[in-house]
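Subject: Structure handover

Hello,

My notes on what turned up follow below.

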Amino acid sequence: MAFQKAVKGTILVGGGALATVLGLSHFAHYKRKQVNLAFVEAADCISEPVNREPPSREAQILTLKNTSEFDVLVIGGGATGSGCALDAVTRGLKTALVERDDFSSGTSSRSTKLIHGGVRYLQKAIMKLDIEQYRMVKEALHERANLLEIAPHLSAPLPIMLPIYKWWQLPYYWVGIKLYDLVAGSNCLKSSYVLSKSRALEHFPMLQKDKLVGAIVYYDGQHNDARMNLAIALTAARYGAATANYMEVMSLLKKTDPQTGKERVSGARCKDVLTGEEFDVRAKCVINATGPFTDTVRKMDDKDTTAICQPSAGVHIVMPGYYSPESMGLLDPATSDGRVIFFLPWQKMTIAGTTDTPTDVTHHPIPSEEDINFILNEVRNYLSCDVEVRRGDVLAAWSGIRPLVTDPKSADTKSISRNHVVDISESGLITIAGGKWTTYRSMAEDTINAAVKAHNLKAGPSRTVGLFLQGGKDWSPTLYIRLVQDYGLESEVAQHLAATYGDKAFEVAKMASVTGKRWPIVGVRLVSEFPYIEAEVKYGIKEYACTAVDMISRRTRLAFLNVQAAEEALPRIVELMGRELNWDDSKKEEELETARKFLYYEMGYKSRSEQLTDRSEISLLPSDIDRYKKRFHKFDADQKGFITIVDVQRVLESIGVQMDENTLHEILNEVDLNKNGQVELNEFLQLMSAIQKGRVSGSRLAILMKTAEENLDRRVPIPVDRSCGGLGCLNPCRFRCVSCSHR
């Protein structure tokens with residue numbers, strides 16, 4: 001039995017990885033309307049978490065309010081903050097973590113999804129004899145191996161191809177990649193190797209063939225970043241950390257040190273964003289792990305302090321899975337402007353990025369059309385001319401703010417540090433900034449080491465190397481088979497649940513609704529083409545999901561995979577969450593509106609909608625215009641110059657197809673640019689012109705009209721499932737077709 005004892009507490013502000021590590025030593029148990037705190041000795045916590053399940057958010061808030069003083073308070077719920085909370089709590093420190101938004105709501109959910117040492121950093125380290133960058137790469141490769149071990153359900157090795165188009169580059173890059181393997185040492189995932197031209201094309205048939213000499217393949221790790229961040233935070237909560245999302249720090253608390261007479265940071269004034277309630281959380285040590293918002297918290301401590309964060313925006317796009325092989329990534333080591341672009345399979349889609357441009361710090365970064373087109377152009381350079389890279393095939397796009405920092409203790413304060421920086425202010429505020437996703441654990445360890453030393457906390461060494469994250473301990477590659485056999489889930493859904501929740505997948509399966517079909521027996525999908533099921537919404541609330549945005553972006557990854565599918569699933573998600581959280585109709589409408597704004601501005605809908613407007617040019621050949629007019633007039637039999645729902649219904653009925661009026665209204669509304677309830681000939685020609693240029697794909701109206709035209713005499717039914725549904729189209733395309741560029 002674990003030895004229980006009272007331990008003086010630590011306050012963690014924020015919900016990142018750093019905050020989660022700090023918060024593990026503290027847990028709340030709410031029973032009989034009372035809050036009883038128990039803290040377990042760190043050595044025993046490692047083998048057995050304090051809580052079988054993370055306490056509810058309400059219980060965590062009661063713990064924050066009723067604890068006289070924590071050892072550590074972490075501000076920030078990203079990867080680094082959550083990592084700090086986990087590190088602290090597993091050392092036996094009483095830990096708290098607060099996050100203004102949701103866990104992983106910022107940069108930590110908007111990465112390239114790689115767990116890597118950084119091939120380009122190693123290249124720079126060698127070329128410039130930069131020992132700092134070399135150490136960073138070596139550290140990252142060690143952390144890569146650890147992360148793959150402690151969360152095997154959320155991460156896996158990924159082969160990445162580096163295509164070679166000049167003979168002299170083959171030995172140059174081969175030596176560099178072999179050095180990457182060498183630096184990894186015993187942590188090398190798999191040895192890199194060289195492929196001939198023919199073998200390279202076998203593995204990556206979409207590759208540009210002309211002048212291809214061969215390719216080099218090396219291995220790095222890939223993960224589900226937001227779910228990984230959440231796993232760190234949940235693990236911290238299970239080990240005893242008091243963690244709370246939607247808890248904003250309004251100001252820092254200070255008290256005078258009786259020995260020195262100086263003011264010391266002693267906690268934070270916090271506000272529950274969901275209720276508006278404010279209260280103080282006191283701690284011996286406060287850690288600032290807020291990523292891009294590092295300077296905001298530093299200025300709460302000292303308004304005259306020098307800013308150290310130099311934010312940089314990185315844009316990524318998601319395209320259909322057929323743009324890349326299922327298990328092989330691609331690295332473009334030298335883009336047209338000297339940057340690096342990754343082109344990777346992820347969640348059965350293809351992710352491409354990133355850009356690297358200076359930006360302002362904002363809570364709601366927006367991907368620009370310029371950055372999206374830059375990535376598309378780079379992709380075109382490496383893919384075969386047989387593959388038409390279309391703007392309309394961008395299913396989602398996002399921008400993440402990378403918090404590059406300068407070291408305030410460095411003589412050269414303008415030089416950006418590629419490694420992380422731990423800074424301690426005169427009043428004792430500890431700031432952890434910089435670094436990368438892969439090294440969150442070592443960043444957390446360094447931070448807690450600094451906290452223990454600076455504030456004379458009683459704690460042992462870090463215990464997070466090899467510590468399984470939630471879901472990882474009893475996961476196995478065949479776990480999904482048991483889900484299929486024991487619960488009657490579809491194989492695809494079972495594999496998804498196993499890869500998302502690990503050994504906790506059985507708890508989700510138990511919540512799954514009966515489908516009413518012969519097969520699958522349980523597991524009603526939120527949207528037909530993705531394996532997310534309704535039970536995940538209910539389970540997501542147990543994982544501290546508070547809003548619809550939490551659910552579509554971080555508990556599920558729908559918003560990052562296909563924003564149109566996410567929008568389609570929203571009403572049902574809000575209905576399910578409303579039932580569990582007792583939302584009234586007004587609250588449901590508010591959640592729908594907020595989530596749609598999130599998709600529109602932050603996930604690429606805005607740039608998509610600009611692909612077809614009432615000002616779009618019509619650039620068609622006369623023969624094409626005549627052809628499209630003929631097609632249009634098959635629906636506009638009365639030569640009115642526009643078509644309505646009635647016209648479309650008439651044509652569909654003539655070929656034996658029934659479609660409900662709401663769906664038809666949605667289809668026409670996609671192309672009704674002036675929103676007058678009808679589609680005019682000019683609007684239809686603008687649509688077809690945009691499709692020919694590749695700016696729009698998956699337009700349901702275009703596919704419906706083309707298919708109807710071809711089948712009027714044959715009376716062949718029109719299938720009505722969604723196609724690829726790129727961001728260039730106006731709404732989800734429910735017509736399954738070989739290519740969405742139907743003309």
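L97 counts as buried because its relative accessibility is 0% (buried is under 20% relative accessible area, exposed over 50%, partly exposed in between; 1.4 Å probe, protein chains only). L97 sits in strand β6, residues 95-98 (strands, E, have at least two residues and helices, H or I, at least four; both are DSSP runs numbered from the N terminus). Its C-alpha atom is 9.0 Å from that of C84, 13 residues apart along the chain.

Some ground rules. This is a predicted model, where local features need pLDDT of at least 70, side-chain atom pairs count only at pLDDT 80 or more, and totals for chains, interfaces and linings use all residues. Residues are numbered from 1 along each chain as its sequence is written, and side-chain values use heavy atoms, with hydrogens and water left out.

Cavities

The whole structure holds 4 cavities of 30 Å³ or more. A cavity is a set of points on a 1 Å grid over the protein atoms alone where a 1.4 Å probe fits but cannot get out; lining residues have an atom within 4 Å of a point. Points are joined across faces, edges and corners, and a volume is the space filled by probe spheres set on them.

The largest cavity has a volume of about 80 Å³. Residues of domain 1 (57-109 + 227-305 + 407-455) and domain 3 (478-610) both line it, so it lies between them; the bounds come from an automatic or database domain assignment. Helix α9 gives the largest share of the lining, 4 residues.

The second largest cavity has a volume of about 60 Å³. Its lining has 7 nonpolar, no polar and 2 charged residues (Ala, Val, Leu, Ile, Met, Phe, Trp, Tyr, Cys and Pro count as nonpolar, Asp, Glu, Lys and Arg as charged, the others, Gly among them, as polar).

Salt bridges

The search finds 36 salt bridges (a side-chain nitrogen of Lys or Arg within 4 Å of a carboxyl oxygen of Asp or Glu). One joins R441 and E143 at 2.9 Å, N to O. That pair spans 298 residues, from helix α12 to helix α6. R441 is buried at 4% relative accessibility, and E143 is buried at 3%.

R144 pairs with D220, with the closest N and O atoms 2.7 Å apart. R144 lies in helix α6 and D220 in strand β10. Both are buried.

Regards

Conventions: 1 Å grid on protein atoms, 1.4 Å probe; cavity = no way out; pocket = protein on both sides within 12 Å on 5 of 7 lines; lining within 4 Å.
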